[in-house]
Amino acid sequence: MAPLTQSITSLAMKSNHHPAVSIIMPVYNAEKFLHDSVGSILLQTCQDFELICFNDASTDGSLRLLKEFAAPSIHPSIHPSIHAYPHERVRVIDSPVNIKQGGGRNRALAEARGEYVMFVDADDALRSDAVAVCLETARRENADMVVFDYARFSSSPANIGEEICQLGKDASGLRGEDLRRRILDRSTPVWSAMYRKELITDNGLFFPEKVFYEDNAVALAMQLSAKTPVKINEALYLYRFDNSSVTRSTNNYHFFGRLASAVTLMDHLKRLGLYERYREKLDFIFINQYFTHSIFGCIYRFDRVPMLRHNYIRKTISRHLPDYRSNPYFKAQPLRMKLKIFTHVRFPRLIKLMSNVSRRLRRAGS
């Protein structure tokens, strides 16, 4: 965890209280979302938590609003439902330099006093009983990680739509190695779990800083490191899908941050002794993250194929995994997928042209 070149100002109130859960929220120019996100946390049915908000050099009114949420009492104009609550549990860290979401999470982890930690993005929210359900499960099962489902919403957390259960409903009956292997088969976001803090800190699983796709570098390592993982069939996290981000934007070269994150993840897995246990599956995950999905992204996430990046990905996969074509999971893919990968690697400009023509024809016919 690299130190900042400039100081960070903590606006947190001093307290000797050690809450059960530290909720970590990096904030960058999220003023229009904070009533929903912070509000959903302050209204939790279980109040045994602290909320650590890291203001990542926002240029809008985010810091002002965070200070108001951290005030001893919140004026009704800020949030009419929570003005009567005491908010010494809200801690704000203000950074004069932008270190991206990973850096913000690391600084908040260093300040966290809870036994457990949860990560919440500033444009998302939590269900009102999220902390209560996770804590009750963790204590009952002596779990060092509680994985939960999430629901998509747009405009407001009240507009809850589709619930996403990436691990499958039957995963709630799995424990230990069986659950870890399910996590390998179906990746789940870093924010879809509550973790015992030492699971992260003792294993040195801090986020890469000043980069994008930082979750990819540590999430799987955190989840595979859990000795007593538990999955519950509750959609506790509310994910806003109508907000633009790097992961959904086009013509954004930050997309290629996924390459460094894939390499960092493999380094963590090897360092922690996890790689050899799941070698073939982890190699396949690396192939997808570093190679396959990145090659597809070069064609479909840009108006013009960035050939320098495309060629770099194509050439460097063999540097990291010289025999990647012999990976059993890679070989077992359907013939259609193998042909898709082959054509997208060999003929990227032609595939892009065909994609553009197909899109124009669909528009003309609609």
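## Cavities and a helix crossing

Helix H8 (257-271) and helix H9 (279-300) each supply at least two residues of the lining of the second largest cavity; helices here are DSSP runs (H or I, at least four residues), strands are E runs of at least two, and both are numbered from the N terminus. This is a predicted model, in which local features need pLDDT of at least 70 and side-chain atom pairs count only at pLDDT 80 or more, while totals for chains, interfaces and linings use all residues. Residues are numbered from 1 along each chain as its sequence is written, and side-chain values use heavy atoms, without hydrogens and water.

A cavity is a set of points on a 1 Å grid over the protein atoms alone where a 1.4 Å probe fits but cannot get out, and lining residues have an atom within 4 Å of a point. Volume is the space filled by probe spheres set on the points, which are joined across faces, edges and corners. There are two cavities of 30 Å³ or more.

| Cavity | Volume | Lining by class |
|---|---|---|
| Largest | about 40 Å³ | six nonpolar, two polar, two charged |

Nonpolar means Ala, Val, Leu, Ile, Met, Phe, Trp, Tyr, Cys and Pro; charged means Asp, Glu, Lys and Arg; the others, Gly among them, are polar. Strand S7 (residues 145-153) gives the largest share of the lining of the largest cavity, four residues. Among the residues lining the second largest cavity are Leu265, Leu282 and Phe286.

H9 also meets helix H12 (residues 335-346): Phe291, Thr292, Ile295, Phe296, Ile299 and Tyr300 in H9 contact Met337, Lys340, Ile341, His344 and Val345 in H12, with contact meaning heavy atoms within 4.5 Å. These residues comprise eight nonpolar, two polar and one charged.

Key. On a 1 Å grid over the protein atoms alone, a cavity is a set of points where a 1.4 Å probe fits but cannot get out, and a pocket is an open set with protein on both sides within 12 Å along at least five of seven lines; lining residues have an atom within 4 Å of a point.
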